[in-house]
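Reader: Could you walk me through some of the charged contacts and burial in this model?
Author: Gladly, let's look at it together.

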Amino acid sequence: MGTQALLLDGHIGRLATFGQLALGLGAGAAAEITRRSLRFGKNDESSTADRVVGSSNPFLTPANAERIVQTLCRVRGAALKLGQMLSIQDSDTVPPYLLEIFDRVRHSADFMPMKQVHKQLRKELGDDWRSKFADFDERPFAAASIGQVHKATTLDGRKVAVKIQYPGVAEGIDSDIDNLVTILNVGRLFPKGMFLNNFVTVARRELKAECDYEREARAMIKFRELLGEQEEFFVPGVFRELSTKRVLTTELIEGKPVDKCMEESQDVRNYIASKFIELCLKEIFQWRFMQTDPNWSNFFFGKHPVTGDPRLILLDFGASRSYPKLFVDRYMHIIRAAYDKDDEKMLKYSREIGFLTGYESKLMERAHCDSISILGETLASDEPYDFSQQTVTKRIHKLIPIMLEHRLTSPPEEIYSLHRKLSGSYLLATKLRSTVACGPLFNEIYDNYRFGDDGVYDIDIDTVSEEELRSVPV
């Protein structure tokens, strides 16, 4: 759990904090350059440069990483989201030293003191907000990028989780992203092949959606409907009378975060990974509606309260979105082509979906096909795939410099969120050292997939009426 800190909710205060970060990073880089010049020609195997991304960049030192972390803990919102995304990467992409720091942010970030909590609750639920609960635990039990969660009891005795949004987060998204991107650009931390402007555009839209708790409530209700009576997955119910745009009250469900299940039995670890991958495949290819944040604290391993059977508990639906049918059709063609090891079809549908322009070099085309084929190996395996032995991450990592240098266009905007979730499922299976029969899962999805108009409308949680929302039971 984090420490109490008066979280910033004013534009001037947030701007000043980013300004202090910029000055601190600059000073840290200058000190690193001086240190390197003084040890020029010496063999110092324990040097800072050996422990940072890229080694040659003086901005990327442990001290500067710590400065970034401290800022993320205080400003939260858009800035902290970056730290959370980095915390679920693997050591082939981000050095272990940075992973450890960002993981600490995910679990130990600052939370609001009660003065701010009471202010937010009065604003959202009214001056008499306490009378709406039989009991309210003033100490939060969880903290996320845009809100913290408190345990409470309803007047009829039901245990609930009350998520309260941090003040100023929604209003500060645009300026926070602008300030953070400016600072990171100065440090040359973004390669040109990332097409930063496109990435930032998508990030703004996603974060603004996540700040709308009424929208998240609609997403939870929709997922409960999609999963129906499936007892292997569970989505908590929403208490609409105790929820607003900045407060979300749901059932309190006990469980264990999936990334804390590394010491569970092999069967349990296999179960968690297989259910996570199964869910991802259903989200994109069956429902075309996905919760796209793979933060492992959003998924708990729990047991059915009646049968005692295992189940995957799904939490935090702020990042939910739908995908157009045409996009999913083309994406399915690409995945199937990788399954069949058909380079021509991979290139054809990659151009149609917007991955490629058709004017790429042969080197870029080869790297693109190789990266898709490597990922396709898991789905093409008829035998259960042992993620503890996988070399996929390292092999794709070798292709990244080529693709960043030779890419001619940014990927379609849908890819940012989709690949974040799929990568999260893959990394979770690797972390848990799981063995998963991916091939049969994909084959079942593909055999039942219908290209073209399948008669199913795209799910739209952005235009659901309040009347429709209130008609759905908890």
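**Salt bridges and burial**

Author: Let's start with Glu264, which is partly exposed at 26% relative accessibility (buried means under 20% relative accessible area, exposed over 50%, partly exposed in between, with a 1.4 Å probe and protein chains only). This is a predicted model, where local features need pLDDT of at least 70, side-chain atom pairs count only at pLDDT 80 or more, and totals for chains, interfaces and linings use all residues. Residues are numbered from 1 along each chain as its sequence is written, and side-chain values use heavy atoms, leaving out hydrogens and water.

Reader: Which side chain does Glu264 meet in a salt bridge?
Author: A salt bridge here is a side-chain nitrogen of Lys or Arg within 4 Å of a carboxyl oxygen of Asp or Glu. The N to O distance is 3.0 Å.

Reader: Is Arg288, which pairs with Asp454 in a salt bridge, buried or exposed?
Author: The two side chains meet at 3.0 Å, N to O. This pair links distant parts of the chain, 166 residues apart. Asp454 is buried at 17% relative accessible area. With a value of 2%, Arg288 is likewise classed as buried.

Reader: Which residues does Val202 touch, leaving out those up to four places away in sequence?
Author: At 5% relative accessibility, Val202 counts as buried. Contact means heavy atoms within 4.5 Å. By that criterion, Val202 touches Glu413 and Tyr416.

Key:
Helices (H or I, at least four residues) and strands (E, at least two) are DSSP runs, numbered from the N terminus.
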